[in-house]
Each structure stands twice: as structure tokens, then as C-alpha cells.
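Here is a short report on one protein model. Keep the sequence and the structure in view while reading.

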Amino acid sequence: MQITIQEYFRTWEEICLEKLREIGRSSSAEWARAMGYGENRNGVTTVIKRIKKTMPERLMIYYNARPRLYEVVQGEI
């Protein structure tokens, strides 16, 4: 009997969206802490820009001014 393991490759953006789905609606600072960036939210800011450019339908952004809140649109990541 042979067991086949299928690998699933995810991009960093998809991993970040999964973490945001776990923690729920949050600010970029809260999201950065959850991703392990500590108090530096700049790492997540770059990811947010890439998500907005490549897959804007997956990210809901609340408020035009700071503090913005981010939430994953329900669906499959």
C-alpha cells in the first residue's frame, strides 16, 4: 500500500490572509503582531499593498483614514 502526499504551495499573501481570517477584523498593527512582526507593521503594509494589487476581492478594508481595519472576505483562500 502506497500513500501519496500532495504538496500544496501557498504564497506569503495567502498565509497572511489565513492568519487574518483566524484573528478576525483587525488593524495592521494587530495583524503584524499576529504574523510575528512585533510592533513593526511595515512588513504587513507591504503585503497589504500586494494583496490589494493582485487579489483585491479577498480583502475588505474599513475606513479610508487610519486606523483602517482589515478583514478577509468569506470564501476560499
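## Basis

This is a predicted model, in which local features need pLDDT of at least 70, side-chain atom pairs count only at pLDDT 80 or more, and totals for chains, interfaces and linings use all residues. Residues are numbered from 1 along each chain as its sequence is written, and side-chain values use heavy atoms, with hydrogens and water left out.

## The hairpin

Strand β1 covers residues 59-62 and runs antiparallel to β2, with 4 bridges between them. Strands are DSSP runs of E, at least two residues; helices are runs of H or I, at least four; both are numbered from the N terminus. Strands pair if DSSP finds at least two bridges between them. L59 stands opposite V72 in β2. The hairpin has 6 residues between its strands, and Y63 takes a positive phi near 75°.

In a regular strand, side chains alternate between the two faces of the sheet. On β2, Y70 and V72 make up the covered face. L69 and E71 make up the uncovered one.

## The nonpolar core

The largest nonpolar core has 14 residues. Such a core is a set of buried Ala, Val, Leu, Ile, Met, Phe, Trp, Tyr and Cys residues joined through side-chain atoms within 4.5 Å. W31, I51 and L59 touch the most other members. α1 (12-23), α2, α3 and β2 (69-72) each supply at least two residues of this core. α3 gives the most, with 4 residues.

L59 is in contact (heavy atoms within 4.5 Å) with residues that include L17, W31, I48, I51 and Y70, leaving aside neighbours within four places in sequence.

## L20

L20 is found in helix α1. Is L20 buried or exposed? L20 counts as buried because its relative accessibility is 1%. Buried means under 20% relative accessible area, exposed over 50%, partly exposed in between (1.4 Å probe, protein chains only). L20 touches S26, W31, L59, Y70, E71 and V72, not counting residues up to four places away in sequence.

## The largest pocket

About 310 Å³ of space lies in the largest pocket. A pocket is an open set of points on a 1 Å grid over the protein atoms alone, where a 1.4 Å probe fits, with protein on both sides within 12 Å along at least five of seven lines; lining residues have an atom within 4 Å of a point. The volume is the space filled by probe spheres set on the points, which are joined across faces, edges and corners.

Of the 14 lining residues, S28, T45, R66, R68 and Y70 are the closest to the centre. α3 gives the most to the lining, with 5 residues.
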